[in-house]
Amino acid sequence: MYSLWERIKSGIAEVVQSRIFVVIIVFCVLSAILVQRVFYLQIVKGQEYFDDYKLQIQKTKEVQGTRGNIYDRNGNLLAYNELAYSVTIEDNGEYDSIKQKNTIINQTVSTVIDMVESNGDTVINDFGIILDNNNEYKYVAENETQKLRFIADVYGKKTIDQLSAKQQNNTAEEVINYLCTDKINGYGIDQSELGKEEVLKMVNIRYNLSLNNYQKYITTTIAEDVSEETVADVMEHLDELQGINIEEESLRRYTDSKCFANIIGYTGQISQEEYDALSEEEQEQYDKTDTVGKSGLEKTMDSVLQGKKGEVKLYVNSVGRVIETVKGTDPKAGNDLYLTIDADLQKAAYNIIEQELAGILLAKIQNTLTYDRTQVTDGSDVIIPIGDVYDTFISNDILDIKHFSDEEAGIAEQEVSEAFVSRKTEVKEELQNVLSDPNAGAYKEQPKEMQAYLTYLVTDVLTNGTNIIDPDVLDTKDATYKAWRDDESINIYTYLNYAISQNWVDTSLLKDYVSSKGDYSDSGEIYQGIIAFIQDYIDSDNSFDKLIYRYMIKSGAVTGRQICMMLYEQEILQYDEAQYSALNSGSIGAYDFIRGKIQTLEITPGQLALEPCTGSLVMTDPNSGEVLACVSYPGYDNNRLANTMDSTYYNKLVTDNARPFYNNATQEKTAPGSTFKPLVAIAGLTEGVINASEYLPCYGEYKKVTPYPKCWIYPSAHGSLNVEGAIANSCNSYFYEVGYRLGITKSGESQIESDNEEGDATQSYYSSDVGIEKLKKYAEEFGLGDTSGLEIPESEPQISDESSVPSAIGQGTNNYTTSQLARYVTAVANKGTVYDLSLIDKVTDVDGKVIKDYTPEVKNTVTNVSSSTWTAVHNGMRAVVTSAHADIFSKLIASGIALSGKTGTAQQSQTHPDHGLFVGFAPSDSPEVAFAIRIANGYSSTYAAEIGNAVMEYYYGVTPEDEIITGEAAVISAGNSGGD
């Protein structure tokens with residue numbers, strides 16, 4: 001037994017002492033480690049790895065190429081790209097519930113908003129809802145289709161038709177409530193804990209984030225172009241801010257934005273509506289997150305400016321978190337666009353127009369608070385009372401009336417707020433009395449102020465605003481309606497009760513103000529509901545408040561001193577302690593103060609939005625059809641709309657009374673006035689109804705048609721003039737006769753020589769329709785029958801279709817844009833070549849290689865005009881400058897630069913100033929430039945001619961630039977151009 005045990009021990013000892021024992025031990029240890037690891041990987045972590053294996057998905061992220069630059073004809077940069085820092089968020093969290101997700105994201109977004117704003121930066125503001133002046137939610141959309149498209153996007157509907165009736169009728173507030181509170185799609189935002197402004201910021205960012213729900217690897221911008229302080233602040237707290245990052249983005253920038261915005265436009269993210277409008281082929285080139293041109297040349301030339309997209313391959317897990325990034329193809333920059341525009345000329349013309357407008361305003365502003373322009377018989381006699389100037393600071397939202405009652409309001413703001421609160425209480429009581437009294441005076445017997453309130457309430461609120469009086473069922477031919485609307489012979493009590501009796505009132509809209517349920521049968525109860533609604537409505541109606549302010553200014557209850565002080569208190573003007581104190585003490589008068597600020601252009605015509613506040617100029621090269629300048633005043637800052645749109649600023653532009661969004665050069669149409677006369681002279685001479693040596697009489701009054709039209713010089717007369725003298729003196733009677741003769745049928749042509757002042761010999765042969773057709777023929781030949789060819793939106797022209805006699809002086813129904821008049825005068829300058837005008841010179845690639853040359857095309861050539869006719873017309877236009885208006889052009893004349901031109905005044909109405917126009921070309925014998933200028937409601941063509949003179953002096957270097965563009969209001973002439 002012992003021997004066996006010894007042998008076992010001996011055997012074990014041999015094994016232990018042998019090398020194989022070490023191998024066995026190592027093998028066992030390694031096997032144990034391997035078993036343990038396999039257990040961990042397959043049993044402990046097996047399910048997680050299996051899930052990741054199944055859910056790891058490859059995604060391709062497209063990267064837009066850098067957008068091409070835009071240059072002027074001389075290579076000056078107008079639009080370019082700049083790298084800037086943006087704060088972004090990516091929804092890459094894992095959540096157990098929607099509530100948890102909302103809580104985490106909202107807390108992160110709120111923290112980042114505070115960081116951004118504490119450093120003086122702003123978060124994005126491109127949502128389709130903003131806060132209006134009443135602190136109420138309001139849609140940004142300009143029309144119903146755009147609004148419904150936005151609502152469809154909110155509810156995740158592909159088309160508007162998929163919206164329910166209730167969704168289509170959602171107010172902006174109801175949309176906000178839905179986004180804040182909906183159990184499935186809502187963002188869990190507690191509106192009771194936040195102000196509306198804070199709610200809107202949160203919704204704005206959460207909504208943009210939600211658009212990437214199915215592409216969570218795409219980041220959403222919270223704030224762009226942020227300061228280094230914001231970057232440092234966010235980077236310091238990145239570990240606490242889930243999904244937040246700092247990224248470099250390429251932002252679109254514009255130089256001298258106000259001068260070029262109406263040509264160049266701006267960029268932004270493509271909308272669903274824009275995407276749907278693309279063809280199937282185009283949709284393959286665009287993604288719904290792409291940046292595209294939204295207006296102007298940025299839009300029309302988008303396919304040229306767009307770069308070629310690159311790709312980045314991403315691997316994301318089940319919640320969209322990026323696991324791995326694999327570099328793909330690099331994006332390529334877009335092509336560069338060169339314009340025919342001369343940037344320096346464009347800027348100079350813009351500033352010259354602004355200076356001239358300011359000069360006109362100063363000439364027309366008078367130191368009176370009120371003025372009844374309905375008593376004026378001629379628009380040129382209209383003045384601007386200083387009360388209207390004070391009022392426009394409120395009516396055009398230059399001053400923020402909400403801030404008047406703010407705890408940080410200034411001295412004058414507090415004074416005005418206190419006076420306003422008192423006056424509004426009185427107005428509400430006065431309205432209550434008038435509305436409740438069946439025996440109240442008729443509308444026309446009410447004071448002007450009460451009339452204004454009643455008109456606003458009935459027309460703007462009850463009818464057009466809320467549709468409580470349904471405009472679709474309102475019978476405008478009804479006698480009682482006419483008694484209210486036209487005769488003003490009944491009171492509001494009678495009118496509204498009659499409207500109720502005729503079922504013009506939609507009682508369903510008054511359910512909160514009428515106690516009865518179901519169909520309303522008691523008209524008295526409905527009327528009391530209307531009164532209650534009105535009182536409730538005007539409590540928070542900003543427009544009604546503005547109306548009260550208007551009459552407080554007229555009465556002196558709000559003073560000019562207070563208005564001026566508030567311009568400093570709200571930092572509309574750069575604060576000047578000395579002037580502020582002087583205003584407060586009364587040592588500086590408000591009238592003189594305002595005039596001084598207009599004089600120095602610290603307050604501009606575009607801000608004031610008084611007549612006149614707009615102007616336009618289009619200048620061409622008559623030898624090529626290239627546009628050298630296309631100016632629309634006032635402009636706007638397209639930098640604030642590009643990239644991520646500033647919705648509040650956008651809304652301000654849309655509602656601004658000066659209409660800065662409206663391109664006055666290509667969209668505003670008026671009658672051409674006497675600028676049309678050269679064309680009529682060509683028509684008369686070519687048709688043979690007049691000849692260059694023939695003299696026609698001007699008696700001051702033209703008696704061949706009724707009612708008798710008058711020459712602008714009436715009660716004087718020009719006497720006998722030939723065609724050159726008629727153009728130079730802009731004699732209406734001469735051109736009345738041409739329009740008349742163009743309308744004489746063949747059988748009456750032999751009677752012209754024997755005619756008298758009354759037209760006894762030819763009246764039976766006269767047909768206005770015949771004359772209109774001949775005028776139309778020549779208008780079309782000179783390019784006035786269609787748009788000018790510019791590559792941006794342009795209004796359709798309108799050739800007069802009635803009354804050949806007034807049409808021959810540019811009235812009738814003639815209506816053209818400044819760009820269309822520029823094409824016409826270009827053809828006059830070059831003796832008959834009509835171009836399709838162009839703003840684009842060429843397209844090049846990033847290396848400067850020309851891809852395409854955009855030489856303007858010749859639309860047609862006027863070939864049937866004799867050289868003697870061209871000579872006569874050109875001589876007449878030259879005489880406009882050297883004779884009729886030599887005082888304006890004296891310096892240009894002395895310089896030897898020969899300018900030919902034609903003034904024109906177009907009447908709008910007796911209570912609004914006339915439109916002033918001037919067209920011309922230079923040098924007269926070998927034209928290098930041609931142009932058209934318009935000042936809407938500019939009183940006189942003299943002022944448009946002064947702009948033309950200043951631009952020509954600048955262009956030809958007759959006067960140093962700093963003497964032309966002074967930064968101050970122009971010194972204008974008397975502006976007496978008669979009815980020219």
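How far apart are the mean positions of the positive and negative charges of the chain? The 78 positive and 147 negative charges have mean positions 5 Å apart. Lys and Arg count as positive, Asp and Glu as negative; His and the chain ends are not counted. Each charge is placed at NZ of Lys, CZ of Arg, CG of Asp or CD of Glu.

This is a predicted model: local features need pLDDT of at least 70, side-chain atom pairs count only at pLDDT 80 or more, and totals for chains, interfaces and linings use all residues. Residues are numbered from 1 along each chain as its sequence is written, and side-chain values use heavy atoms, without hydrogens and water.

The C-alpha trace spans about 165 × 75 × 60 Å along its principal axes. Of the 980 residues, 52% are buried (under 20% relative accessible area, 1.4 Å probe, protein chains only). The chain holds 37 helices and 25 strands, which are DSSP runs numbered from the N terminus (helices H or I, at least four residues; strands E, at least two).

Helix 15 is mostly covered, with 18 of its 22 residues buried. Asp342 caps its N-terminal end: a side-chain oxygen sits 3.1 Å from the backbone nitrogen of Asp344.

At the start of helix 21, a side-chain oxygen of Asp522 comes within 2.9 Å of the backbone nitrogen of Gly524. Buried residues of helix 21 include Tyr527, Ile530 and Phe533. Among their cover are helix 17 (411–436) and helix 22 (542–555).

Definitions and conventions. Buried < 20%, exposed > 50% of the residue type's maximum accessible area, 1.4 Å probe, protein only. Polar contact = N/O pair within 3.5 Å; in protein donor to acceptor, adjacent residues only side chain to side chain. Contact = heavy atoms within 4.5 Å.
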